[in-house]
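Please keep the structure open beside you as you read.

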Number of protein chains: 2
Amino acid sequence: MQSQAHSPDEAAVRATVADFYAAFEALDLAAMSRVWLRGADDICVHPGWEILEGWPAIRESWRAIFANTGFVRFQPSRLHVQVHGDVARVTGVENILSVSGSHTAHTQVAASKLLLRTEDGWRIALHHGSPIATRHSVQELPEDEPAN
Amino acid sequence: MQSQAHSPDEAAVRATVADFYAAFEALDLAAMSRVWLRGADDICVHPGWEILEGWPAIRESWRAIFANTGFVRFQPSRLHVQVHGDVARVTGVENILSVSGSHTAHTQVAASKLLLRTEDGWRIALHHGSPIATRHSVQELPEDEPAN
């Protein structure tokens with residue numbers, strides 16, 4: 001997240017988005033909870049998943065994802081922020097490196113977010129991620145060649 | 001799209017969404033164009049695609065999709081509309097029946113939309129569709145058994 005000459009609103013929105021990815025990389029459920037509105041109308045679509053509605057279901061999904069993720073790093077690109085009053089739209093590509101057991105995956109996800117302005121700052125009301133189809137999206141380490 | 005006791009804003013948003021699906025089913029590029037903002041900041045993510053930015057690229061994608069679609073019908077479900085001032089958020093599941101050559105596919109797509117209020121009504125500024133993974137998402141007609 002490079003800091004160019006963003007408006008205060010856009011800078012604040014980008015800060016919440018940065019906190020989202022920091023929480024994901026840290027597999028930190030408390031930190032992830034802090035960037036969401038945590039309301040009955042929150043919406044989350046993980047890549048390939050059905051639509052999750054409401055914070056309890058969304059929180060449980062993050063708990064399950066974090067429990068099944070060993071290592072993940074995000075390199076966001078093409079981040080695009082628009083602020084309309086108290087609503088912000090954020091889109092971008094998540095370039096993801098993840099390691100789970102002997103699997104190393106490089107994947108790309110198209111992500112859209114909607115954030116609402118609250119007294120405590122901008123909070124995520126919707127996150128929608130979808131897999132970008134690529135020819136070689138998963139690399140598997142050979143199991144008979146342990147990495148030293 | 002059942003009409004319950006929606007606010008005038010929500011009813012107008014739902015009308016634009018209904019026009020979107022009617023245009024898609026009719027494979028009508030002019031009608032599809034009318035429901036979009038058609039600005040440089042429009043965003044569209046088709047299921048599995050990368051992010052398209054700006055109306056020219058989005059228009060071209062619809063042209064290509066319509067040219068390669070024989071028959072498609074949408075049954076939206078779990079439609080969820082929220083209006084925040086001049087911004088509306090719409091999420092829902094698209095239950096899709098499509099026929100292309102000898103292939104009949106039943107697929108589900110999770111869709112998020114952002115609409116903005118304009119002098120001409122609500123217009124789509126973002127549409128993000130992602131495939132919902134299912135075990136049996138594609139049925140293929142046996143090629144040696146022509147359907148009479």
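## Overall fold

Chain A holds three helices and seven strands, where helices (H or I, at least four residues) and strands (E, at least two) are DSSP runs numbered from the N terminus. Along the sequence, chain A runs in the order α-α-β-β-α-β-β-β-β-β. This is a predicted model, in which local features need pLDDT of at least 70 and side-chain atom pairs count only at pLDDT 80 or more, while totals for chains, interfaces and linings use all residues. Residues are numbered from 1 along each chain as its sequence is written, chains are lettered from A and ligands numbered from 1 in the order in which they are written, and side-chain values use heavy atoms, with hydrogens and water left out.

Of the 148 residues in chain A, 44% are buried, meaning under 20% relative accessible area, against over 50% for exposed and partly exposed in between (1.4 Å probe, protein chains only). Among contacts (heavy atoms within 4.5 Å) in chain A with a separation of 6 or more, 49% are between residues 24 or more positions apart.

## Helix α1 in chain B

Turn now to α1(B), residues 8-26. With 19 residues, α1(B) reaches 27 Å from its first C-alpha to its last, close to the 27 Å expected at 1.5 Å a residue; the expected span is 1.5 Å times one less than the number of residues.

Buried residues of α1(B) include V13(B), V17(B), F20(B) and F24(B), along with E10(B) and R14(B). Their cover includes α2, α3, β3, β4, β5 and β6 of chain B. Just after α1(B), L27(B) adopts a positive phi of about 50°.

## How α1 meets α3 in chain A

The axes of α1(A) and α3(A) come within 9 Å and cross at roughly 50°. These axes are lines fitted to C-alpha atoms, for helices over the stretch in contact, with angles from 0 to 180 degrees between N-to-C directions. The two helices are therefore oblique to each other; angles under 35 degrees count as roughly parallel, over 145 as roughly antiparallel, 65 to 115 as roughly perpendicular and the rest as oblique.

On the α1(A) side, F20(A), A23(A) and F24(A) meet W62(A), I65(A) and F66(A) of α3(A).

## Two copies, one axis

Chain B can be laid on chain A with an RMSD of 0.0 Å by a turn of 180° and a shift of 0.0 Å along the axis, superposing by least squares on the C-alpha atoms of residues with pLDDT of at least 70 in both. The two copies are thus related as by a two-fold rotation axis. In chain B, the C-alpha of S130(B) is nearest the axis, 2.6 Å from it.
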